[in-house]
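Hi,

Here is the model I promised to pass on. Have a look at it first, and my notes follow below.

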Amino acid sequence: MRCEKCQADVPEDEIYGHAGMKLCEDCYIAALTRPQPCDPGAVSAARTARELQGQKGTDGLTPLQKKIYDYLKEKGKATREEIAGALGISPEELQNNFAVLRHCELARACKEGDAIYLTLM
Ligand SMILES: [Zn+2]
């Protein structure tokens with residue numbers, strides 16, 4: 001198998017699926033831990049879609065996304081590992097759902113020292 005990011009040739013059991021790509025372990029971890037660049041287009045598209053549907057705050061979120069939101073509301077801020085552990089979900093699942101919260105401008109990631117925390121807007 002070939003990593004779709006760095007083109008490294010890796011054994012099939014060391015390939016990880018991430019955002020529709022097949023990645024080697026290094027690229028997978030980098031993709032999970034690297035702060036995602038802001039995407040103003042995605043943010044305004046998400047906001048427009050929600051406004052059209054009359055959604056505000058946590059309206060229209062899935063139960064899991066609401067759980068992440070509520071967890072951050074209670075804790076103020078938390079690392080991805082803490083949230084994934086507390087909610088019993090995989091880091092990838094958290095990443096996908098957190099992206100929705102971010103695009104709805106409900107939550108964001110911030111870096112403190114070497115740690116990346118997720119927090120509400
Ligand atoms: Zn790779």
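Some housekeeping before the rest. This is a predicted model, so local features need pLDDT of at least 70 and side-chain atom pairs count only at pLDDT 80 or more, while totals for chains, interfaces and linings use all residues. Residues are numbered from 1 along each chain as its sequence is written, and side-chain values use heavy atoms, with hydrogens and water left out. Helices (H or I, at least four residues) and strands (E, at least two) are DSSP runs, numbered from the N terminus.

Back to Glu105, then. Glu105 sits in the loop between α5 and β4, and its phi is near 60 degrees, a positive value in a residue other than glycine. Ala19 does something along those lines: its phi is near 50 degrees, also positive in a non-glycine residue. Ala19 belongs to the loop between β1 (16–18) and β2 (21–23), and it counts as exposed because its relative accessibility is 60%.

Now the sheet. It is open, with 3 strands in the order β3-β5-β4 and antiparallel pairing (two strands pair if DSSP finds at least two bridges between them). The edges are β3 (77–79) and β4 (107–112), each pairing on one side only. From one strand to the next the twist averages 35 degrees. β4 and β5 (residues 115–120) are joined in the antiparallel sense over 6 bridges, and Ala109 stands opposite Leu118 in β5.

Two helices go with this sheet. Helix α3 (residues 63–75) lies across β3, β4 and β5 and runs at about 100 degrees to β5. Helix α4 (residues 80–87) packs on the sheet too, touching β3 and β5, with its direction at about 90 degrees to that of β3. For the angles here, axes are lines fitted to C-alpha atoms, for helices over the stretch in contact, and angles run from 0 to 180 degrees between N-to-C directions. Contact means heavy atoms within 4.5 Å.

Then there is α5 (residues 91–103). Its 13 residues should span 18 Å at 1.5 Å a residue, and the end C-alpha atoms are 18 Å apart, so the two agree (the expected span is 1.5 Å times one less than the number of residues). The buried residues of α5 are Leu94, Gln95, Asn97, Phe98, Ala99, Leu101 and Arg102.

What does α5 meet? The axes of α3 and α5 come within 9 Å and cross at roughly 80 degrees, which means α3 is roughly perpendicular to α5 (under 35 degrees counts as roughly parallel, over 145 as roughly antiparallel, 65 to 115 as roughly perpendicular and the rest as oblique). On the α3 side the contact is made by Leu64, Gln65, Ile68, Tyr69 and Leu72, and on the α5 side by Glu93, Leu94, Asn97, Phe98, Val100 and Leu101.

The axes of α4 and α5 also come within 9 Å, crossing at roughly 105 degrees, so α4 and α5 are roughly perpendicular to each other as well. Here Arg80, Ile83 and Ala84 of α4 touch Pro91, Leu94 and Gln95 of α5.

Cheers

Technical notes:
Buried < 20%, exposed > 50% of the residue type's maximum accessible area, 1.4 Å probe, protein only.
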